[in-house]
Amino acid sequence: MSDVGIALLVIALIVVAIVVLAVLIRIFGIYRLASCFASSEEKAVLTKNEQYNGYMVGSESSEITGDRGGKYVEYDTMQTEPRYVDVESHSPPREESARSSPVSGSLASDAEFSHGIRRAESCDSVASDSSVLEMLPDMPKIGQLEFALEYDREVSELVVSIIQARDLTANQYTGTLDTYIRGMILPDSDSKFQTKIQRNTTDPIYKERFLFNFNPEILEEKTLQFQLFAIDKYQRHKVIGESELRIGDVDLRNPIKMWLNLRDIDDKPTEFGDIMFSLSYLPTAERLTIVIVKARNLRWSDAKDTGDPFVKVYLLQNGKKVNKKKTTVKRGEQSPIFNEAMIFSVPASALPTVQLRITVAELLPDNRTPSLGHVIVGANTSGTELSHWNQMMTSLRKPVAMWHYLRK
């Protein structure tokens with residue numbers, strides 16, 4: 001055989017090998033082919049995403065980190081998670097929470113709720129919050145306000161967009177309402193804004209933007225306050241609801257849009273304290289993860305300066321308890337930092353029917369555990385709670401953290 005024939009034969013064999021390899025990649029994918037030829041150590045790395053265990057924020061195994069002060073600083077997508085697949089055909093994994101502290105008692109039960117969520121044998125609360133009625137989400141009494149925030153660090157500009165309000169109570173005489181929004185960025189009395197008046201509607205749409213200049217160093221110390229005014233037939237202006245948001249409590253690296261519940265001006269939003277936690281949902285594993293980060297401004301029993309707090313998390317479906325877990329007790333803490341994760345197996349089809357009730361409780365010397373306050377997030381909630389849940393649903397695999405007011 002001549003040299004030219006040999007060269008043509010080699011080229012033909014190379015082409016055939018490339019075609020075969022391309023067909024195999026097309027059928028099986030690079031990931032599976034790599035796992036077939038990998039060593040045992042490499043396979044352990046490639047299958048790392050199959051370990052459905054809990055993790056501690058700030059631990060070596062965690063991809064959610066906290067700084068030395070306990071501030072939540074990481075929101076990036078977990079790189080070890082597998083690609084998105086059809087959640088209907090993926091069976092849920094066995095639930096484990098390695099780092100959190102589950103409430104004592106078996107969680108296995110023959111009774112099953114709809115959408116495949118299994119109920120624990122004992123879901124009685126250790127405090128007085130065991131009634132189904134108190135498990136229901138807290139609904140707004142005055143109405144809700146939708147707004148958006150955007151911050152450009154290059155030019156130090158904060159854009160506040162007032163979008164709309166809804167579910168406002170109409171005037172009992174006219175059956176309608178004339179309203180406008182007045183806002184202020186505290187503690188600066190000069191940073192004010194006001195929308196135009198929207199007449200004859202209890203669901204006004206404003207769609208107005210306001211621009212402010214703040215350096216990043218001082219922006220986190222600011223509080224955004226909203227007041228909704230109504231005008232009666234005598235042209236009297238009255239505040240019918242207000243709300244506020246600490247700008248440092250939200251992540252402004254990306255534009256954010258959210259709802260806030262309006263409250264009466266005499267209601268104190270921080271009467272019972274605040275809690276910060278993150279939510280994330282992994283559709284391939286049907287895994288709902290909540291990370292209890294920290295709490296502040298807690299109101300202790302007997303007017304103490306410190307206490308022994310812990311947090312209980314209930315998984316609710318249609319107002320009934322399905323599962324529960326709790327954190328460890330922080331002894332003698334004033335503003336406890338938990339950084340503990342809890343994992344619940346929740347099918348994607350059940351997400352529209354579930355909520356999480358987060359209760360901060362105090363362990364007393366006589367082993368009583370009175371509730372210091374709670375918050376409910378999930379489907380069929382409202383305001384900040386619903387905004388947090390919706391951000392989780394639109395940011396799959398990515399932990400989303402937010403502060404929430406505690407209430408009783």
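Start with the open sheet: its four strands come in the order 12-11-14-15, with antiparallel pairing. Strands here are DSSP E runs of at least two residues, helices are H or I runs of at least four, and both are numbered from the N terminus; two strands pair if DSSP finds at least two bridges between them. At the edges, select strand 12 (320-326) and strand 15 (371-378), each pairing on one side only. On average, neighbouring strands of this sheet are turned by 20 degrees against each other, direction ignored.

Keep in mind that this is a predicted model, where local features need pLDDT of at least 70, side-chain atom pairs count only at pLDDT 80 or more, and totals for chains, interfaces and linings use all residues. Residues are numbered from 1 along each chain as its sequence is written, and side-chain values use heavy atoms, leaving out hydrogens and water.

Next, pick strand 11 (residues 309-317) and strand 14 (residues 354-362): nine bridges join this antiparallel pair. Zoom in on Q317, and you'll find V354 of strand 14 opposite.

Now hop to T169, in the loop between strand 2 (157-166) and strand 3 (179-186). Is T169 buried or exposed? T169 counts as exposed, because its relative accessibility is 57% (buried is under 20% relative accessible area, exposed over 50%, partly exposed in between, with a 1.4 Å probe and protein chains only).

Last stop: V15, in helix 1 (residues 3-37). V15 is partly exposed, since its relative accessible area is 46%.

Conventions. Axes are lines fitted to C-alpha atoms, for helices over the stretch in contact, and angles run from 0 to 180 degrees between N-to-C directions.
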